[in-house]
Amino acid sequence: MKTFKIGGIHPKENKLSAGKKIEPTPIPEMVYIPMSQHIGAPAKPIVAVGDTVKAGTKIGESSGFVSANIFSSISGTVEKIDNIADASGFKKQTVIIKSDGTDTWEETIDRSTDLIKSTNLTPDEIKAKIIEAGIVGMGGATFPLGVKLSPPKDVTITHILVNGVECEPYLTADHSLMLEKAEEICVGVELLKKVLGINTAIIGIENNKPDAIEKMQNAASAYTGTQVVPLKVKYPQGSEKHLIQALIGVEVPSRKLPASVGVIVSNVASVFAVYEAVMKNKPLFERVVTVTGTSVKNPSNFLVRLGTRTGDLFPLVGGIPEDTDKIISGGPMMGKSISSVEIPITKGSSGVVCMTENEAHRKKEQNCIRCGRCVEACPIGLEPYLLNTLAKKSMIPELLEHNITECIACGSCSFSCPANKPLLDYIRLGKAKAIQATMEKK
Amino acid sequence: MLVNTILLLCIIGVIAGFALYFVAKKFKVNENPLYGEVEAMLPGANCGGCGFPGCRKFGEKLVDSPTLEGLYCSVGGAETMDKIGTFLNKTIEKKDMQVAVVKCSGSCNKRQITSNYEGISSCAFSVSFYAGNTACSFGCFGLGDCEKACQFGGIKINPETKLPEVDPIKCTACGQCASACPQHLIELRKTNKKDMKIYVGCSNKDKGAVARKACSAACIGCGKCAKTCPNEAITVTDFLAYIDPNKCKLCRKCVEGCPTGAIIETNFPPRIKKEDTTTEANN
């Protein structure tokens, strides 16, 4: 079975909500929709206080090439446009909408669940619809999909890779989506193929999800050129560059985008959003979110309207468990712990994980014993113990020499360290300093 | 036997002496003797506060450049610069005495703590992914990057308040702490011999209500100080007051009027003179 070549770890999977049906959440009374839910320039709000909006009304206009439109997720009135703290605690422009309780959608959106298999739209029209719908990479990196679909002229795209790996422990959002929307995802893949004018697509799924592999294989068998490939379980296989290596055996050169080797990678959730945007005219305003944790009573997958406060999801799983010491937005490996449950769900939030007291805290740091486990674990082939020391001493030229900028911050080194050293902390610090130093030189 | 050894050592000594003499003659580097003398006058801290890599380079620059405009050693201060000026026969730029001030007074009992931080002790790192463990995203992290950057022991984190405190005697105004602070909370401000100064001890640019909710010592941008100031030294931008040190005449009217106590005065009589600079204005 295929996987990427070097490094990688096997954290305990804890997929507690696997196989649970996707339940739509009740419409929240208020939604807080940040204008910056993607990498790139924040969107510009195009509504004013007091405006009436429906679900699917555009409220934020993309403000550049690398940017994305933002849509209202409920119907109601714009209460306020204010700066609200996001998951990092820094304040960002946010549109606050109060629900009118009716949940009226824009008329253009097709709310039926019928599967539409083909369309007469031209590739350019499909691409325009994808860009208009504000679709971004929903695995967590939130890179606007429209940009991925506009590769530079000198590269030819040969493969579309669909990321159904979900290598983060606990999370099952993509898994449940593949179980329930396999057909739609395959149609989404067909649409992407049409946009790029190619006929090769590979869907990669880790083999801890045999049910999803079977479903997807059945759905994909109707289409020529779409192939489902089971992958060996290994973290961080969901990383773009590692998935490419695992599926087609090509290594993306350093500091290059996947397009440079003729590949476009997209998450299954994004592909599903493409289907909805093109076939149902539905812009991106809801997504599947896993709410889980070892002591959560009823870990589940929910279809959540973007802008719903994280706190509104807990009553649906039986409340925040008493022994919770940390709440993480995203997966436990790469997610961010949040300091308030007021923080809204955005396009990139794939899960909310409650960590118990025992799980949440770091263990006491001890001395490095040069065991080399971090070197073995690093999926890029870096030497984390060395980078840690160099970063501590701010030795920028040496850090650059040892390719610190290649680090993808997956956390495999910190996870595997028997001395509990905060390796990734220092590497991140060193990487930030190194990038700053090279920017200044330019 | 002993005599032989001594003789041999003497001969080696003489030969080596001649060799060194010729080597020194042959490879002698001709340099301006003033360089060394000026360097000796400088404090030798090699802090980089002047913008040059160490005192030697700064000394060379002082000797070489025709005017001394923009060249100032804040560590040595006016005394050292005057000495160098008379030695080199050049006019020295006059500069006010400066000291670092921390524009955050949100100590533990004033700012609401929202989370526990367990990562490495570095402000630069923690700012890279979150806004700090308090409700104020502009304030001090208290992880001590400034303390680590200071070579003179002039700034220290107070373990009780978790805020840095400047020792005005040790502070040389080299600016290392100011550039180390990722939140840009440290400013070099004009001071006088008694270190009397007035400044706004807050950097929060949020609206008054939001700032006040996050921290009881926050500047809420009410503008009362700007109105009371007889010298028009205070401007309020983004809900944050700033006192221009060049216009401020140290009258203390703004300090008395500030509703949140965000304006800080130091070392004014009749208050007891303290070594640190965070004496609170409370009336």
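Colleague: Which residue stands opposite S99(A) in β8(A)?

Modeller: G76(A) stands opposite S99(A) in β8(A) of this predicted model. Strands here are DSSP runs (E, at least two residues), as helices are (H or I, at least four), and both are numbered from the N terminus.

Colleague: What makes β7 and β8 of chain A a pair?

Modeller: Two strands pair if DSSP finds at least two bridges between them. Strand β7 (residues 76–85) and strand β8 (residues 91–99) of chain A share 9 bridges, in the antiparallel sense, so they meet that definition.

Colleague: Why are β2 and β4 of chain A called edge strands?

Modeller: The open sheet of 4 strands in chain A runs in the order β2-β8-β7-β4, with antiparallel pairing. Its edge strands, β2 (30–34) and β4 (52–53) of chain A, each pair on one side only.

Colleague: Which residues of helix α1 of chain A are called buried?

Modeller: A residue is buried if 20 or more other C-beta atoms, placed from the backbone, lie within 10 Å of its own; 12 or fewer make it exposed, and it is partly exposed in between. In helix α1 (residues 123–132) of chain A, the buried residues are I126(A), K127(A), K129(A), I130(A) and I131(A). They pack against α2 (145–148), α4 (182–196) and α7 (268–279) of chain A.

Colleague: How do you know that chains A and B touch, and how many residues take part?

Modeller: Two residues are in contact if their C-beta atoms, placed from the backbone, lie within 7 Å. In that sense, 16 residues of chain A are in contact with 14 residues of chain B. On the chain A side, the largest share, 5 residues, comes from helix α13 (residues 423–441) of chain A. The predictor gives the complex an ipTM of 0.77 and a pTM of 0.84.

Colleague: Where in chain B is the pLDDT below 50?

Modeller: The term pLDDT is the predictor's confidence in each residue, from 0 to 100. Chain B averages 86, and 95% of the residues score at least 70. Over residues 271–283 of chain B the pLDDT is below 50, although this stretch has 23 contacts in the model beyond near neighbours in sequence. Where pLDDT is low, the predicted coordinates should not be read in detail.

Note on methods. Residues are numbered from 1 along each chain as its sequence is written. Chains are lettered from A and ligands numbered from 1 in the order in which they are written. This is a predicted model: local features need pLDDT of at least 70, side-chain atom pairs count only at pLDDT 80 or more; totals for chains, interfaces and linings use all residues.
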